[in-house]
Amino acid sequence: MEGLGFSVAGLLVGTAVGATGVGGGSLMTPILILFYGISPAIAVGTDLIYASLSKSYGVFLHQSNKTLDWNVVGWMALGSVPASFATLAYIHSIGVSPELDRLIKITLATAVIVTATFTLFQQPLLRWVNHLRGGNGTPRDTSRRTQLIFTVLSGILVGSVVTISSVGAGVIGMMLLLWIYPRHEPISLVGSDLAHAVLITGIAGLGHAQLGTVNTSMLFWLLVGALPGIWLGSRLGFRLNGLQLKKVISVILLIAGSMTMAKALASGF
């Protein structure tokens with residue numbers, strides 16, 4: 001019965017992701033912690049492997065459609081991979097402990113709230129990106145050196161946050177890429193962000209596995225529910241108002257993020 005419960009969680013999150021493109025770790029990890037009583041370290045470690053596996057097919061599709069810029073992925077990884085290893089070293093140094101749980105809760109809550117806020121204000125942000133393009137589709141000049149520096153710095157931020165919380169490789173990474181690369185087509189940035197997410201969640205997940213914070217049985221049942229959920233959500237997404245659905249998901253994320261933050265503060269961070 002426990003496996004069935006995890007499959008239900010996977011189904012719900014998978015449906016949300018398929019219908020809106022929003023959810024993933026920002027929904028899955030808080031659900032596991034708040035409603036299933038899973039320890040923060042186990043929830044994050046398992047979700048990292050789950051994210052890497054579930055997003056791999058999307059990378060294949062983007063590569064097949066040539067909507068993936070490996071240069072962007074490489075420069076972001078230049079910052080994120082060392083940051084992830086450094087963060088893993090710190091996590092291993094403190095081990096599975098109340099201190100690690102509190103750190104995860106604070107980082108997770110912050111990342112979820114940022115994700116929800118960005119999703120709520122996605123349309124104004126896209127209008128701002130269009131303004132950077134010159135308002136008529138003509139991109140303004142941006143220093144290539146500046147772009148690369150900010151890409152590496154963004155990678156450092158995403159790599160650190162993802163390794164601690166399993167959240168940030170998707171929506172937060174996309175938000176940063178939209179700001180840094182207003183010249184690029186959004187679909188290309190989506191593919192690049194997805195490929196980087198698979199890489200960094202895979203590295204972070206393996207690091208957590210070495211710490212013993214990956215529950216393979218739970219991972220299996222989450223995937224059992226998530227894969228048909230993504231298929232179902234993608235079908236529903238064609239029939240429902242995507243913008244309204246994203247707003248609903250954002251409100252849920254804000255509630256989940258606030259509850260996680262309150263739980264962390266109550267435990268005496």
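Where is the place of serine 166? Serine 166 sits in the loop between helix H7 (144-165) and H8.

This is a predicted model, in which local features need pLDDT of at least 70, side-chain atom pairs count only at pLDDT 80 or more, and totals for chains, interfaces and linings use all residues. Residues are numbered from 1 along each chain as its sequence is written, and side-chain values use heavy atoms, with hydrogens and water left out.

**View 1. The whole protein chain has 11 helices and zero strands.** Helices (H or I, at least four residues) and strands (E, at least two) are DSSP runs, numbered from the N terminus. Of the 269 residues, 52% count as buried; buried means under 20% relative accessible area, exposed over 50%, and partly exposed in between (1.4 Å probe, protein chains only). Contact means heavy atoms within 4.5 Å. Among contacts between residues at least 6 apart in sequence, 84% join residues at least 24 apart.

**View 2. Helix H2 (residues 25-34) crosses H3 at roughly 145°.** The two axes come within 9 Å. Axes are lines fitted to C-alpha atoms, for helices over the stretch in contact, with angles from 0 to 180 degrees between N-to-C directions. Gly25, Met28, Thr29, Leu32 and Ile33 in H2 meet Pro40, Ala43, Val44, Asp47 and Tyr50 in H3. By class, this contact has seven nonpolar, two polar and one charged residues. Ala, Val, Leu, Ile, Met, Phe, Trp, Tyr, Cys and Pro count as nonpolar, Asp, Glu, Lys and Arg as charged, and the others, Gly among them, as polar.

**View 3. Serine 54 lies in helix H3 (residues 40-64).** Its side chain reaches the backbone oxygen of tyrosine 50 at 2.9 Å. The serine 54 side chain also reaches the backbone oxygen of alanine 51, at 3.3 Å.

**View 4. Helix H8 (residues 171-180) is largely enclosed by the rest of the structure, because eight of its 10 residues are buried.** The buried residues are Val171, Ile172, Gly173, Met174, Leu176, Leu177, Leu178 and Ile180.

**View 5. Lysine 66 and serine 166 have positive phi values.** Most residues other than glycine have a negative phi. Lysine 66 has phi near 60° and belongs to the loop between H3 and helix H4 (70-94). Its relative accessibility is 75%, so lysine 66 counts as exposed. Serine 166 has phi near 70°. At 7% relative accessibility, serine 166 counts as buried.

Technical notes
Polar contact = N/O pair within 3.5 Å; in protein donor to acceptor, adjacent residues only side chain to side chain.
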